[in-house]
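Try each task before you read its solution.

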Amino acid sequence: MTDPEKPGLRAPLQAIRGTHDILPAEARRWQAAEAVCKSHFELYGYREIRTPVFEPTELFVKGTGETSDIVTKEMYTFTDKSGRSLTLRPEYTPSIARAILEHRLDLRPEPLRFYYIGPMFRYDKPQKGRYRQFHQADVEVFGEADPAVDAELIEMAGSLLEKLGVEDVEILVNSVGCPDCRPAYSHALREKAEASRDEYCADCRRRIELNPLRLFDCKVERCGELSRGLPLVSDFLCPACAENFAEVRRRLDACGLRYRVEPRLVRGIDYYTRTTFEIVNSSAGRQNAILGGGRYDNLMKTYGGPDIPATGFAMGMERLLEAARLEIKPENFVFIAYLGEEAKNRAAWLARIFRSGGVECLLEFKDRGLKAQLSRAARLGASFAAIVGQDEVRNGRLVVKDLSTGSQFDEPVAWLEKEGEAEAALRRLFSKSSRPDFWPPAKEAKP
Ligand code: AMP
């Protein structure tokens, strides 16, 4: 990649393939999306939880599953200086399960409903929509076995995407059964796949033995064709799982949610039981799954913990941002230009008054000429430039240039002598501008 400051030169250091910088303009979109996600999750009683980025490797080997693609091929695992094997989290659920057990959150009265937004790490093949460091919004419920919770989660995910203006979404749901009925299904899959063993890719040939449900996950075209001829899990669900899945669908119907039962929707992680779901963006290319999740009632037991059922989903933030329509507030700040040493102090003081009123302002301590400062203010998209020069300091006047109209006005400002009068002076000053309500600034609603 070339360095934009020095066209033609290669930047000496570059981000690792599959990782990316989120530059300030893009970070604004991220902040907006994250704010909508967080407040949406909070509406449903979820609370934020934050756990470390790295964990003992065995946490993922046990939870995510020894035969999963994540554990076999995708983990960033390293040995620290004490010789301990650590892994950058490839997914979030095992960390939450660990935190619940470690702090015995299950013994507290608060609901075990958590969310988190942050980076995950997988040594995946980088391409559009698939990165090695990517971000997920992750939502988990522990301790609630009722299928109504699965339906509420799916509804919450659907209404979030609607709020974020994501179009062409399709909600897919399925059930992968439980440890009682899955062995018979796995056996049937294995038997059928064995018959065409040589036509499958090397990965799938391994999947036939280790976990035939994953045959449906393969992205190789021929394997996809073959998987269309495999038996469907719906024909193997035990009565309890069939009823459970019917109840999820009844609940979804009751809230008027449109969804499609996708009998080939299985998920690449070992711990799923019963409900699985995915929301895809049907207008996106190959990497079209925005989020995926389901129930994992046996995860806690695999860690030696109590029998606590669980369900949740993970949403890819990069894919969400690709599809979301976000309202980004336009720049709205005051650029404070100053001329001379004495004015520099006044300018810093003025900046404090603006900021304590909640008005963003920018003061660059570069001792430049007025023209340079004003053209910079305009280029950065400032709403106003406040000019503090030697004369203004001496005469006790503050000059403000309205950058949307170009007009300039001033006001004798008593605040130069008496700090308590700044409010009134600023109100008088901005009342002459194209935005008379600029000061006092409207108070933002508390988060
Ligand atoms: P998973 O944890 O594999 O069930 O993935 C949940 C969601 O995370 C997917 O639907 C994607 O939106 C996103 N995701 C998973 N892996 C990646 C990746 N390597 N790069 C970007 N997004 C990803």
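This is a predicted model: local features need pLDDT of at least 70, side-chain atom pairs count only at pLDDT 80 or more; totals for chains, interfaces and linings use all residues.

Residues are numbered from 1 along each chain as its sequence is written, and side-chain values use heavy atoms, with hydrogens and water left out.

**Exercise 1.** Find out whether Met120 is buried or exposed, and list what Met120 touches.

*Solution.* Start with the location: Met120 belongs to strand S5 (residues 112–121), strands being DSSP runs of E with at least two residues, and helices runs of H or I with at least four, numbered from the N terminus. Next, take its relative accessibility, 0%, so Met120 is buried; buried means under 20% relative accessible area, exposed over 50%, and partly exposed in between (1.4 Å probe, protein chains only). Finally, leaving aside residues up to four places away in sequence, Met120 touches Arg89, Pro90, Glu91, Tyr92, Arg132, Gln133, Phe134 and Gln136, where contact means heavy atoms within 4.5 Å.

**Exercise 2.** Examine the salt bridge between Glu167 and Arg325.

*Solution.* First apply the rule: a side-chain nitrogen of Lys or Arg lies within 4 Å of a carboxyl oxygen of Asp or Glu. The closest N and O atoms of Glu167 and Arg325 are 3.0 Å apart. Glu167 sits in the loop between helix H5 (147–163) and strand S7 (169–175), and Arg325 in the loop between helix H11 (317–323) and strand S12 (334–338), so the pair ties together parts 158 residues apart in sequence. Arg325 is exposed, at 57% relative accessible area.
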